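Visitor: I would like to learn how to read a structure like this one. Please show it to me first.

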Amino acid sequence: MKRITKGWEVWTVVCLMFTSIVFTDSCQADWFQFQKDKINSGQTQDLAPITSPYVAWSSFTHYAGTHGIDVTPIIAEGKVFTVDVDEYAWAFDIENGNALWSTPLMYGPRYNLATPAYGEGKVFFATSTGYIYALNGSNGGILWSGKLTEGLFQEEELTTQIVYTEGKVYVGSWEGVYYCLDAAGEGTDPKILWEYQIDNGGYDWWSGPAVIGDYILFGDTESVIVSLDKDTAAPKDDLNLSQHYGIEAGSIRSAIVFNSSLNRIYLTSKNGYVFAVGFDSATGNFDTSDGWLASAGIYSASTPAFYDGRLFVCTGSFCKQGSLLCLNEADGTLLWSHEFGSYGSEASPALSIQNGEPFIYIATDTANGAFYCFNKDGQMMWEHIPDHPEYILQGAAISGGKVFFGNDAGYLYCLETAFDWDVNCDGSVNVLDLTLIGQHFGETGEPGWIREDINDDGSINVGDMILVGQHWCG
Ligand SMILES: [Ca+2]
Ligand SMILES: [Ca+2]
């Protein structure tokens, strides 16, 4: 008790001396669409928390039955955009989570799986009722909109993520049509530039496109991937993965990611396979003499992400046990896996590259769905279960030291690294942190062995309390 009293005296002095907090902004890049860009790279050089995450902000959208937010957030204009179960489109201030606008898309409620995309000041949304919308990113006003699909019920769904690039918007439907639209629209209507229709099968959830050079690539429910001219839809090449590899690949629920150094694409299929296939971005042709096939063991809907010879991918779902896998990018052999237990993850890994090392961000699809950071060797850096726990169907967006995700409770979360002096990682520097130091006052150990040793000198003492005082925010 005496030690705590001593600490309080010191705190009183330093509190009078220091009244302001200094924050340093880290570099902030945008995350315009699913897995960040038109090739679904899923990686950024921006920082993200690798230790001590805290909820910088959380914002509620809507919740209905068992669903809330089922798409990955996207980042542009200093805003975080998402769409919820009631088909409300939202923009939140990236710094504080304040709702800047929300726009009811007219034909909800149905839960949406199409991650929106941003381009030229517009946010493009596709819905499970088959409508496409372009909203003004500044105020949420609907610039143009219209229905694309013709079927009913599930046949009505626009099912894939949206990709925007160079004035064009791409999206696919359950009933088997891929669309290319003019981002400018036609008055208040959509302007379709081309449609590509298949006779058998359709486009499964999340089987979004990649635009690589002059070509657009995507996979279908019959395990066929195609390469088309992105401007005309003229077919360039196709590959039936089941036939080529002599397997039952199943429907493709993955987008395609491109490694421009190796001239390879990666994707997964529903029956638990991971594919690496050579792709010549100059000619638009697949090169089946390059690449490999790996078994992921169980269902996957995850779009892989890669960095420096390692490929990361998730398996499982709310009802299927699954893992985070790391494969050798050279030959598809398993380097490590982290098992989740009776459930898995349908997230696509998002990577933050820090000092040349990838950190992997994913979430789990279970009732207490958690958000995770792993390092490249499979060590779990942290696990965060939201204060409104629910299933987390999708992955994350990363920007400027923050990581963003939504869950089925209808909450959008922003996690950031807690400052060293925020001992209990609650986002405030106050009496609670000072109390924790007081409880360990006088203890010694390895430098920084507990968070209370803020100055990493191996002793819990006045020096640590001064740091709290210097950053006091009440
Ligand atoms: Ca605190
Ligand atoms: Ca210390």
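Visitor: In which sense do strand β24 and strand β25 pair, and over how many bridges?

Guide: Strands of a sheet pair through backbone hydrogen bonds, either parallel or antiparallel. Here β24 (residues 310–314) and β25 (residues 323–328) pair in the antiparallel sense, over five bridges. Strands are DSSP runs of E, at least two residues, numbered from the N terminus, and two strands pair if DSSP finds at least two bridges between them. L311 has L327 in β25 as its bridge partner.

Guide: A note on the source. This is a predicted model, where local features need pLDDT of at least 70 and side-chain atom pairs count only at pLDDT 80 or more, while totals for chains, interfaces and linings use all residues. Residues are numbered from 1 along each chain as its sequence is written, and chains are lettered from A and ligands numbered from 1 in the order in which they are written.

Visitor: What is the order of the strands in the open sheet?

Guide: The order is β23-β24-β25-β26, with antiparallel pairing. At the edges are β23 (305–307) and β26 (334–339), each pairing on one side only.

Visitor: Which residues have the most contacts inside the largest nonpolar core?

Guide: In soluble globular proteins, nonpolar side chains tend to be buried together. A nonpolar core is a set of buried Ala, Val, Leu, Ile, Met, Phe, Trp, Tyr and Cys residues joined through C-beta atoms within 7 Å; buried means that 20 or more other C-beta atoms lie within 10 Å of a residue's own, with C-beta atoms placed from the backbone. The largest such core has 125 residues, and F124, I162, L217, I256 and Y361 have the most contacts inside it. Strand β21 (residues 273–280) gives the largest share, six residues.

Methods: Helix = DSSP H or I, 4+ residues; strand = E, 2+ residues; numbered from the N terminus. Buried ≥ 20, exposed ≤ 12 C-beta atoms within 10 Å, placed from the backbone.
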